Amino acid sequence: MRIDKDLVAASATPLVLGILAEGESYGYAIGKRVAELSGGRMEWTDGMLYPLLHRLERLGHVEATWGRSESGRRRKHYAITDAGRQALADRQRQWQVVADTLDNVWRRFGTPPVAEGLA
Amino acid sequence: MSERQRATTGVDMEAQIDQWRSFVARRPAMTTDDIAEMEDHLRDQIADLAAGGLAEDEAFLVAVKRMGNLDDVSREFAREHSERLWRQLVLIPEPGAGVVGSRWRDLGLVIGVALLAGVALKILVEALDEFALVRNVVFVLVPAVTGWLAYKRRVSWKVAAVLTAAAAALVLVVNLYPFDMLPGPGEAPGMTAVLVVVHTPVVLWLLTAVAYAGGDWRSHGRRMDFVRFTGELAMYLALIAAGAGVLIALSVAVWNLAGFDLEPYLESWILPFGIPGAIMVAAWLVEVKMDVVENIAPVLTKVFTPLALVMLVAMFAVMVLGDSFEAVDRSLLILMDAVLILVVALLLYSISAHNPMEPAGVFDWLELGLVVAALAVDAIALTAMVSRIAEFGWTANKTAAVGLNLLLLAHLAWTGWLTLGFVRRTGTFHDVERWQTRYLPVYGLWAAIVVVVFPLVFRFD
């Protein structure tokens with residue numbers, strides 16, 4: 001499914017932090033995990049993940065180390081920091097409010113007929 | 001597929017990935033580490049797709065496609081790592097933004113501005129007496145750079161108007177305040193007059209920063225870029241001045257041998273046109289981002305930080321062991337200000353050249369040591385001075401010196417604290433950097449206070 005890029009941008013940080021909260025990971029695996037968690041409905045432009053990871057690294061939300069993959073290639077691993085966990089908790093609270101509010105809107109107005117027609 | 005065929009496709013794949021890598025490497029904002037990271041991704045993706053049944057070349061195409069438009073990706077990288085672009089001659093043009101004209105037209109503009117500034121300076125040299133000239137020279141030199149940057153950044157009319165008004169107000173203050181002159185043979189300017197002359201360039205440079213940021217003076221990234229700009233401008237100016245000094249010295253020697261005197265021309269023509277020329281050419285060189293100096297900057301800081309640390313420790317020892325500060329006067333305080341300014345400049349320089357992705361290392365500890373040593377030295381001097389000032393009262397000079405000292409002290413103390421956090425991994429380099437850019441305008445404001453308020457408070461003494 002095509003998701004508006006502003007929505008992707010807004011949700012990318014908590015998604016990445018959330019996935020890293022499960023444990024250390026690297027770029028490709030993070031992207032795969034996003035696809036998995038969304039049941040394949042959410043796919044990113046892969047390249048965009050890296051500037052985001054670097055920004056999180058600069059802000060101190062994640063820590064990066066260079067390691068090796070099973071086949072011996074250089075691979076950059078990311079792990080969440082305490083500051084990152086805090087940021088994640090913050091974001092979670094904010095998203096909860098947004099999600100609750102949207103939920104109320106959907107419930108009150110029902111699904112718009114256009115979307116039904118398309119679905 | 002036979003074994004041999006499989007091997008050939010493998011080779012093709014490597015060639016294709018090589019090609020992709022060199023294609024990505026052409027983008028200025030991408031480092032080899034970034035490319036290695038993305039290549040790892042690409043290879044994983046290809047392997048997964050191939051395992052899912054795609055032929056290798058198809059898998060390659062799909063994987064590249066999923067990576068996204070490389071222009072977009074590298075622009076994202078550039079936004080995240082603006083310090084890397086600094087080294088590059090070519091910025092990625094933002095879509096829709098006007099592309100800056102050709103190098104030659106740029107250079108022509110610079111020479112035009114330099115000539116205009118030269119003519120203005122020549123007029124001032126002819127028209128004004130010595131002290132008036134000293135007061136007003138900066139109003140030609142700095143606005144030449146500011147105006148040129150404002151034009152290049154296409155600042156809005158509103159910003160241009162505010163900058164012009166602020167500069168004009170400064171001109172009025174500096175020239176209309178009735179400064180006292182020291183009595184005695186020849187007219188020597190008094191205390192507040194000297195303070196004003198020293199602090200005006202700082203205020204004007206703050207205005208230049210606004211023009212440099214294209215009016216976007218709140219942006220911390222732009223502020224840090226301006227720090228780099230200032231540091232590199234100083235280095236280019238030093239290089240140009242050294243070169244010009246050699247040329248002039250040789251010329252003077254040869255002219256003398258031939259029986260001519262170059263000196264009158266030097267003062268009346270060469271310097272009035274040479275100085276603005278040097279400044280504008282230096283500014284232009286920094287702007288086109290000749291990367292020579294950028295590569296020297298980190299090396300220079302690595303050389304001078306340990307040396308400065310040694311210097312400060314020695315100073316500390318001398319001050320503790322030496323006689324009490326019976327004979328100290330404001331010159332000690334001014335010296336201390338100079339020492340702290342040096343340390344701040346060194347810190348700023350190394351922070352601006354620091355790769356934000358790099359974890360804390362030995363060098364960051366050294367910098368922390370530098371800050372601590374500077375604070376220790378200053379603490380001694382400051383206590384000695386404050387007790388003496390309490391005894392003999394405040395003059396304009398002492399107030400200015402103590403004020404600046406306190407500003408520098410606050411700047412360094414908090415930098416030290418944040419650096420400590422960074423090396424102990426409880427904070428990030430980002431915090432250290434942010435603090436610098438947040439604090440810098442304070443110096444400009446302080447200079448403005450010294451220029452505008454001090455003469456009034458101290459009655460133009």
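This is a predicted model: local features need pLDDT of at least 70, side-chain atom pairs count only at pLDDT 80 or more; totals for chains, interfaces and linings use all residues.

Q: Why is L61(B) called partly exposed?
A: L61(B) has 15 other C-beta atoms within 10 Å. A residue is buried if 20 or more other C-beta atoms, placed from the backbone, lie within 10 Å of its own, exposed if 12 or fewer, and partly exposed in between; L61(B) is therefore partly exposed. The residue is found in helix 3 of chain B, where helices (H or I, at least four residues) and strands (E, at least two) are DSSP runs numbered from the N terminus. L61(B) and Q16(B) are 45 residues apart in sequence, with 9.8 Å between their C-alpha atoms.

Q: What makes L195(B) buried?
A: L195(B) has 24 other C-beta atoms within 10 Å, so this residue counts as buried. Its place is in helix 10 (residues 191-212) of chain B. Leaving aside neighbours within four places in sequence, L195(B) is in contact (C-beta atoms, placed from the backbone, within 7 Å) with A396(B), N397(B), A400(B), V450(B) and F454(B). P455(B), 260 residues away in sequence, is 8.8 Å from L195(B), C-alpha to C-alpha.

Q: Why are helix 8 and helix 9 of chain B called roughly antiparallel?
A: The axes of helix 8 (residues 138-152) and helix 9 (residues 157-176) of chain B come within 12 Å and cross at roughly 175 degrees. Axes are lines fitted to C-alpha atoms, for helices over the stretch in contact, and angles run from 0 to 180 degrees between N-to-C directions. Angles under 35 degrees count as roughly parallel, over 145 as roughly antiparallel, 65 to 115 as roughly perpendicular and the rest as oblique; the two helices are therefore roughly antiparallel. F139(B), P143(B), T146(B) and A150(B) of helix 8 of chain B make the contact with A160(B), L163(B), A167(B) and V171(B) of helix 9 of chain B.

Q: How do you know that the buried residues of helix 2 of chain A line one face?
A: In helix 2 (residues 27-37) of chain A, the residues G27(A), Y28(A), G31(A) and V34(A) are buried. Seen down the helix axis, the buried residues fall within an arc of 120 degrees (taken from the directions from the axis to the C-beta atoms), so they line one face of helix 2 of chain A. Their cover includes helix 1 (5-21), strand 1 (25-26) and helix 3 (49-58) of chain A, together with helix 2 of chain B. Just after helix 2 of chain A, G39(A) takes a positive phi of about 65 degrees.

Q: What joins chain B to chain A?
A: In chain B, 20 residues are in contact with 19 residues of chain A. Helix 2 (32-51), helix 3 (56-67) and helix 4 (70-80) of chain B each supply at least two residues of the side that touches chain A. Helix 2 of chain B gives the largest share of that side, 9 residues.

How values were computed:
Residues are numbered from 1 along each chain as its sequence is written. Chains are lettered from A and ligands numbered from 1 in the order in which they are written. Two residues are in contact if their C-beta atoms, placed from the backbone, lie within 7 Å.
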